[in-house]
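This report describes selected features of the backbone and of the packing of secondary structure in one protein model. Please consult the sequence and the coordinates alongside the text.

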Amino acid sequence: MTGSCNLKCIHCHAFGGEATYDELSTEEGMRLIDRIAASGIRTFVFSGGEPLLREDLFALIAYAKSKRFNVFIATNGTLITREVAKLLKAFDVGVVIGLDGANPETHDAIRGVEGAYDAVIAGIEHCTAEKLYLHVNIVASRLNFDEIERIIDYGDSLGAYSYFVYNFVPCGRGETARDTTLDHEEFNALLDLLLKKQRDVRGIIIPVAAPEYWAYALHRRGIHRRRIIQFIGQFSGGCLAEKGMVYIKPDGKVWACPFLPVQVGNVRKERVDTILDNLRAFTFSRGDNECAGCDYVQVCGGCKARMLSGDLNCACVVNNKTIDQVE
C-alpha cells in the first residue's frame, strides 16, 4: 500500500520509511480490487511499508471484503491499539505481524527503532484480546537465530494460527546487512528446527525463501522415490515466484516475488489477466547450478530470489553430493 513506515528494519526489501512512491490512489486501489476479484484470486494482503499509515486503509479493506476476499494486513504491529484491533475484528481481517526477537534488544536492533518490541507486544496482545486470526512473521538471520524457537513458542502460547519463517534474502535495504545471512550449516540447522517445531506447535510453519525445506522434510522421512516426489510436487513446496504469487508495489508495478526485483507488469498500464499471463510465462534460468539433476527439483527448484542475489547455499547439496548421498 505504501512505502511509509514508522520503523527502519535492516532487512526491509521495500526500503520502508519515507513515502517515496507515486502511490495508487484510493480510487485506483478500488479499481484494482475489482479487477483482481474478477481474476478468481480470493486472498488479498495489504502490506507496506506500514499499511496502517494509509488513511484509506479501512475504506479499501471494506471494499475488498465487499468483493468476498479473505483479507489480511501485514504490519509491524506497533500501531495496533485497542481501537484498531476492534476495527480489524469488525471487518474480520487476519493480522500478519513481524516479530524478530524474543527480547527488546534483538527486536529493536533489527527493526531500527528503540521501543519497537514493547509496542509490537502490546499490538499482539490487543489482537489476541479480540481473538483475531494471528500470523507471525520471523526473518531468520544470524542476529536472531538463537531466539527463533522462543518466538515460535510465544506465538503458540497465544494461539497463533500460522508462521512464516523467512530465510533472510539480502535485497532492498537488506543489501547492507548481507553479512547476517545464514551460512550453510546455520541454514540446515534452521530447517531442522522448523521440522522439530512443527511437531511441537499447533500452528502451521511455512518457510519462505527456503524451498529446500520440502526436499529436506521428505528425505528425513525416508521418501526418495522420484514418482512420489513428483506427485507431491504438484500440490506443495517449491518457489512461489512461478506459482501464482502476485506482489504489487505501491506505484502499481508487479513483481513475481517481494524479494525478486523482476517486473512482470504494471497495474496502471496493463490488465490483470495480462499480468497473470506474464507471471505464468515467467521463467528464471537456473543455469549450471545445484538444481541440475536433483531428484527433489519438483518440490524445490531453488529460491529464485536467492539465486539472483548469488546465494546458492542449498541444504540438498553438500560437497557436490545430492541429498540422497548425504546422511
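Does K131 count as buried, partly exposed or exposed? K131 counts as exposed, at 67% relative accessibility, where buried means under 20% relative accessible area, exposed over 50% and partly exposed in between (1.4 Å probe, protein chains only).

## Basis of the model

The model is predicted: local features need pLDDT of at least 70, side-chain atom pairs count only at pLDDT 80 or more, and totals for chains, interfaces and linings use all residues. Residues are numbered from 1 along each chain as its sequence is written, and side-chain values use heavy atoms, with hydrogens and water left out.

Most residues other than glycine have a negative phi, and most peptide bonds are trans. K131, in the loop between helix 5 (116-129) and strand 4, has a positive phi of about 60° although it is not a glycine. Helices (H or I, at least four residues) and strands (E, at least two) are DSSP runs, numbered from the N terminus.

D92 likewise has a positive phi, near 55°, and is not a glycine. D92 sits in the loop between helix 3 (82-90) and strand 3 and is exposed, with a relative accessible area of 56%. The peptide bond from G48 to G49 is cis, with omega near 15°; G49 belongs to the loop between strand 1 and helix 2.

An open sheet is formed by 6 strands in the order 1-2-3-4-5-6, with parallel pairing; two strands pair if DSSP finds at least two bridges between them. Strand 1 (43-46) and strand 6 (204-208) are the edge strands, each pairing on one side only. From one strand to the next, the twist averages 20°.

Strand 1 and strand 2 are joined in the parallel sense over 4 bridges, and F46 has I73 of strand 2 as its bridge partner. Strand 2 (residues 70-75) also pairs in the parallel sense with strand 3 (residues 94-98), over 4 bridges; here T75 has I97 as its bridge partner.

In a regular strand the side chains alternate between the two faces of the sheet. On strand 1, F44 and F46 form the covered face, while T43 and V45 form the uncovered one. Helix 7 (residues 184-200) lies across strand 4 (134-140), strand 5 (162-167) and strand 6, and runs at about 160° to strand 6.

## Packing of helix 1 and helix 2

Helix 1 (residues 26-39) packs against helix 2 (residues 57-66) at an angle of about 20°, with the axes 10 Å apart. Axes are lines fitted to C-alpha atoms, for helices over the stretch in contact, and angles run from 0 to 180 degrees between N-to-C directions. Helix 1 is therefore roughly parallel to helix 2, a description applied to angles under 35 degrees.

T26, G29, M30, I33 and D34 of helix 1 make the contact with A59, L60, Y63 and A64 of helix 2, contact meaning heavy atoms within 4.5 Å. These residues divide into 6 nonpolar, 2 polar and 1 charged; Ala, Val, Leu, Ile, Met, Phe, Trp, Tyr, Cys and Pro count as nonpolar, Asp, Glu, Lys and Arg as charged, and the others, Gly among them, as polar.

## The surroundings of S236

S236 occupies the loop between helix 9 (226-233) and strand 7 (247-248) and counts as partly exposed, at 30% relative accessibility. Leaving aside neighbours within four places in sequence, S236 is in contact with K243 and V299. The C-alpha atoms of S236 and L79 are separated by 34 Å, and the two residues are 157 residues apart along the chain.

Definitions and conventions:
Angles under 35 degrees count as roughly parallel, over 145 as roughly antiparallel, 65 to 115 as roughly perpendicular and the rest as oblique.
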